[in-house]
Structure formats: structure tokens, C-alpha cells
Amino acid sequence: MTLGRIARIPGWIAALALLATTTAWGQAWRPDKVTEFITSSAAGGSNDQVARAMQKILQDARLMTTPVAVANKSGGNQTLAVVYLTQHPGDAHFLLLGNPTIFTNHIAGITPFSHADMTPVSLLLVEHTLITVKNDSPIRTMRDLVEQLKKDPESLAVGIVSRGGPNHLALSQALKSSGVDAKRVKAAVFKTNAESMTALVGGHLQVVASSVSSAMSQVKSGNARPLAIAARQRLDLLPDVPTLREQGIESWVANWRAMLGPKGMTPAQVACWEELFAQMVATDEWKKRLELQGWDGQFLRSAEFAKYLEMEYAATRSIMVDMGIAR
């Protein structure tokens with residue numbers, strides 16, 4: 001029986017199946033009260049969308065018998081969400097939907113907290129960076145953008161959510177690898193990707209680097225036009241949008257989304273959650289959501305995810321130092 005089929009059978013049977021797998025862990029653990037999925041974005045933001053998709057699937061498929069609530073702790077570019085998580089040590093009823101700003105905030109000295117202060121549970125997906133311009137922009141390709149910024153790095157205003165965040169790093173790395181003085185490019189920081197897209201359509205910006213999902217409403221309405229996506233291959237959602245690599249430009253920043261718990265979680269707690277998420281990502285509903293949103297599903301369990309975090313942290317630090325954002 002596949003995990004996807006387990007998600008569609010009665011909830012009590014799924015619960016028994018999960019309970020049976022706990023015998024190898026020692027004493028079984030299950031959530032026994034409301035679990036909070038903490039997200040650093042406001043309602044409707046990219047992180048919030050992932051958290052609410054998870055909430056719906058876990059409960060609709062009856063993989064969980066206790067409620068899940070989405071706790072929006074926006075502010076400080078994920079800092080408030082991280083601080084809130086660390087206030088609940090050892091309590092596996094609090095999980096953070098984290099992203100790479102956990103790295104960038106720590107590397108830049110904005111916060112003392114890093115991934116080392118949390119318990120890695122599961123990597124879920126990578127949300128790629130989309131680089132867009134207004135639909136009537138004279139810039140038609142990524143190469144046009146590069147040439148314009150080579151001539152005058154300060155000639156265009158670029159919208160981002162956080163300085164040193166994954167979208168900013170993906171664009172900066174792409175420009176730097178193409179010979180642009182990326183440190184001189186004017187970056188306008190917004191609270192959300194949606195706000196930066198609104199500013200683009202209003203003519204207040206010339207370029208935006210954002211998540212795919214955050215740009216899609218303006219792209220679909222014809223107000224914005226994608227130049228490139230920082231991904232390994234084209235997305236089915238945007239089949240006509242070339243990757244950076246197709247245009248001879250290198251950028252390999254991974255804008256991952258993952259679940260992290262507070263420090264002090266027990267092995268049984270970690271094992272319970274990683275198994276629940278393994279069942280969730282096997283459902284048809286999750287796969288449909290990945291395709292609809294342009295998310296790249298990349299599931300890893302706790303041990304593999306911990307190794308992934310260490311490698312990504314080192315790579316991110318190297319990029320930020322190279323860009324002059326950190327020492």
C-alpha cells in the first residue's frame with residue numbers, strides 16, 4: 001500500500017498505520033493538542049500559502065486527529081517567527097515553516113539565532129526566484145537587463161522583500177556572474193512580494209525578484225512579464241519562461257521551505273512529524289498544489305535535512321561574503 005493511498009483511507013486506519021511504525025522508535029508520541037505551524041509572512045504571503053496548504057491536506061486526509069492552526073508571526077524578516085519558536089523549547093506542538101532567511105539573518109548579524117538553535121524535521125520544497133518586468137518594458141530578455149545594468153548599475157530600481165534574502169541573492173549572483181557590479185544596483189525593500197509586484201505594475205520599479213507564486217497573479221493578468229527563472233529546468237506552470245542557465249547566466253541559490261521545531265525535541269517527536277509529512281507529500285492533493293503553485297517538491301527526512309542545512313548555510317555565507325553583504 002502506498003503512502004498516497006493511506007491518505008485516502010479512514011483516519012483511524014491511517015492513525016493505526018502511523019502508530020504501528022512508532023514501535024521501532026521506542027515510546028510513541030503523537031500530538032495531543034493544537035499544533036501551531038508558525039509562518040513569517042502575513043495571511044496570503046508565500047510562506048502562509050504553504051502552511052495553509054499543509055494544514056488543509058493533513059486535516060482533510062485525516063492524517064492528524066488533532067487540530068492544526070497557522071500562526072502568522074510576520075515582522076523582522078522571519079525574526080519574530082524564529083523568536084516565537086525558540087520560546088517553546090522541547091514542545092513539538094510548535095513548528096516553524098522556515099526559509100533561507102534563517103541563514104541570512106544570522107550571517108548578517110541581524111539575529112543570534114540560526115538553524116543550530118532549532119530541530120530540523122523535514123525539507124518540503126524549493127520555491128524558485130522569478131525575475132519580472134512590467135509588461136510594456138523595453139527590457140525583453142535577461143540579457144537585455146544585464147546589458148542595461150552593465151552600462152549603469154544604478155539605472156534601474158529592483159524590488160525585493162529582504163536585503164540578503166534568497167530572491168535578492170539569486171538575482172545578485174546572476175548579475176555578478178554576468179559582469180554587473182551588483183553592489184551598486186538599487187534595491188527597494190518591501191514587506192511582501194505582492195507589494196513589490198504592485199509597485200512594479202504602478203511604474204515605481206523596473207524589475208522585481210520574487211517567488212513564482214507571488215508574481216503569478218500579475219503575470220496571468222498581463223501586467224508583468226517574466227524574464228527568467230532561477231531553476232534547474234523550466235516549470236510546467238511557465239513553459240515559455242527560460243531559466244537563467246539557458247541564457248548563459250549562473251545562479252544556484254535555493255529558496256527552500258521546510259519544517260523546523262524548537263530545540264530539545266525528542267527522537268520520537270521528530271520521527272512522528274517526519275512520517276506525517278512523508279505521508280502528506282505522497283498525497284495527490286499535495287502534488288497538485290506543487291504543480292499549481294510552481295513549487296519544486298524536494299522532500300528530505302530529518303537526518304538528511306540536517307546535512308542539507310549545513311551545506312546550504314556554508315554556501316549562503318560564501319555568497320553573502322562575496323556580495324559584500326556579510327564579512
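In what order do the five strands of the open sheet lie? The views below start there, in a predicted model.

**View 1. The open sheet has five strands with mixed pairing.**
The order is E7-E6-E8-E5-E9. Strand E7 (186-189) sits at one edge and strand E9 (224-230) at the other, and each pairs on one side only. Neighbouring strands are turned by 30° against each other on average, direction ignored.

**View 2. Strands E6 and E7 run parallel.**
E6 covers residues 157-160. Four bridges join E6 to E7. One place to look is Ala 157, whose bridge partner in E7 is Lys 186.

**View 3. Helix H9 packs on the sheet.**
The helix spans residues 212-220. H9 touches strand E5 (129-134), strand E8 (207-211) and E9. The direction of H9 makes about 125° with that of E8.

**View 4. Strand E5 has antiparallel pairing with E8 and with E9.**
Four bridges join E5 to E8. Six bridges join E5 to E9. On the E8 side, Thr 132 has Val 208 as its bridge partner. On the E9 side, Val 133 stands opposite Arg 225. In a regular strand, side chains alternate between the two faces of the sheet. Is E5 largely enclosed or largely open? Five of its six residues are buried, so E5 is largely enclosed by the rest of the structure.

**View 5. The largest pocket has a volume of about 620 Å³.**
Its lining holds 33 residues. Closest to the centre are Ser 41, Val 161, Lys 191, Thr 192 and Asn 193. Which helices each supply at least two residues of this lining? They are helix H3 (46-60), helix H7 (166-177), helix H8 (193-201) and H9.

Ala 230 belongs to edge strand E9, which covers 224-230. By class, the lining of the second largest pocket has nine nonpolar, four polar and three charged residues.

Terms used: Residues numbered from 1 in each chain as written. Predicted model: local features only at pLDDT ≥ 70, side-chain atom pairs only at ≥ 80, totals over all residues. Heavy atoms only, no water. Pairing = 2+ DSSP bridges. Axes fitted to C-alpha atoms, helices over the stretch in contact; angles between N-to-C directions. Contact = heavy atoms within 4.5 Å. Buried < 20%, exposed > 50% of the residue type's maximum accessible area, 1.4 Å probe, protein only. 1 Å grid on protein atoms, 1.4 Å probe; cavity = no way out; pocket = protein on both sides within 12 Å on 5 of 7 lines; lining within 4 Å. Points joined across faces, edges and corners; volume = space filled by probe spheres on them. Nonpolar A, V, L, I, M, F, W, Y, C, P; charged D, E, K, R; others polar.
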